[in-house]
Amino acid sequence: MLFGVSAYYDWCYNTLSESEKEHALNLLIEKGDGMYNNGAGGWWRKSFIQNHLWINAASLMVAGAAIYDDAPEISEKWMTQAEIYYKEAFSALPRDGSTTEGFLYWQYILHTKEKPRGLKK
């Protein structure tokens, strides 16, 4: 949900009413903080070699990018944490690029790592 609402907020920003912007931003901050705070104790937090960490880190990164202009302090906090997750994941993965989940899951880490670059307001 966090990833999808982030894309909606970013891609539709110029067409949203002030009320819709406020609602979406508040939802992103609520859910993003939940993801950020859950990372400290979430079961996926230390699952470096499987896709749940990668997907959650990507969602946090994309949400941070989407709200950057409206909440830069929160954005920086989320994106910094997501980058830490990715660094930990990459350090735990084999150097040859393989994963225990196979290619179809391996693509998540590469695919989701690139998403924030496509976001623009």
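Two residues are taken to be in contact when heavy atoms of each lie within 4.5 Å. On this basis, in the predicted model described here, 66% of the contacts between residues at least 6 apart in sequence join residues at least 24 apart. The secondary structure of the chain consists of five helices and zero strands, which follow one another along the sequence in the pattern α-α-α-α-α. Of the 121 residues of the chain, 41% count as buried, and the accessible surface comes to about 6900 Å², with 55% of that area belonging to carbon and sulfur atoms.

The largest nonpolar core comprises 28 residues, of which Tyr-9, Leu-28, Leu-53, Leu-60, Ile-67 and Tyr-85 touch the most other members. Two or more residues are given to this core by each of helix 1 (2–12), helix 2 (18–38), helix 3 (51–66) and helix 4, and the largest share, eight residues, comes from helix 3. In soluble globular proteins, nonpolar side chains tend to be buried together.

When residues up to four places away in sequence are not counted, Tyr-85 touches Tyr-36, Gly-39, Trp-44, Arg-45, Leu-53, Ala-57 and Leu-60. The structure holds three aromatic pairs, one of which is formed by Trp-44 and Tyr-85, whose ring centres are 5.5 Å apart and whose planes stand at 85 degrees, so that the pair is edge-to-face, the angle being over 60 degrees. Because Trp-44 lies in the loop between helix 2 and helix 3 whereas Tyr-85 belongs to helix 4, this pair ties together parts of the chain that are 41 residues apart in sequence. Both Trp-44 and Tyr-85 are buried.

A search of the whole structure finds three salt bridges. In the bridge between Lys-21 and Glu-18, the nitrogen-to-oxygen distance is 3.4 Å, and the two residues both lie in helix 2, three residues apart, or about one turn of the helix. The charged end of Lys-21 additionally sits over the ring of Tyr-13, at 4.3 Å from the ring centre.

A further salt bridge joins the side chains of Glu-30 and Lys-31, at 3.7 Å from N to O, and Lys-31 counts as partly exposed at 35% relative accessibility. The side chains of Asp-33 and Lys-77 likewise meet in a salt bridge, with an N to O distance of 3.6 Å; this pair links distant parts of the chain, Asp-33 being in helix 2 and Lys-77 in helix 4, 44 residues apart. Lys-77, which is partly exposed with a relative accessible area of 33%, also lies over the face of Tyr-36, at 4.7 Å from the ring centre.

Another lysine of helix 4 (residues 72–92) is Lys-87, which counts as exposed because its relative accessibility of 55% is over 50%. Although Lys-87 and Phe-48 are 39 residues apart in sequence, the distance between them in space is 9.4 Å, C-alpha to C-alpha.

How values were computed: Residues numbered from 1 in each chain as written. Predicted model: local features only at pLDDT ≥ 70, side-chain atom pairs only at ≥ 80, totals over all residues. Heavy atoms only, no water. Helix = DSSP H or I, 4+ residues; strand = E, 2+ residues; numbered from the N terminus. Buried < 20%, exposed > 50% of the residue type's maximum accessible area, 1.4 Å probe, protein only. Areas by Shrake-Rupley, 256 points an atom, 1.4 Å probe, with all protein chains shown as cover. Core = buried A, V, L, I, M, F, W, Y, C linked by side-chain atoms within 4.5 Å. Salt bridge = Lys/Arg side-chain N within 4 Å of Asp/Glu carboxyl O. Phe/Tyr/Trp six-rings, centres within 6.5 Å; stacked < 30°, edge-to-face > 60°. Lys NZ or Arg CZ within 6 Å of the ring centre and 35° of its normal.
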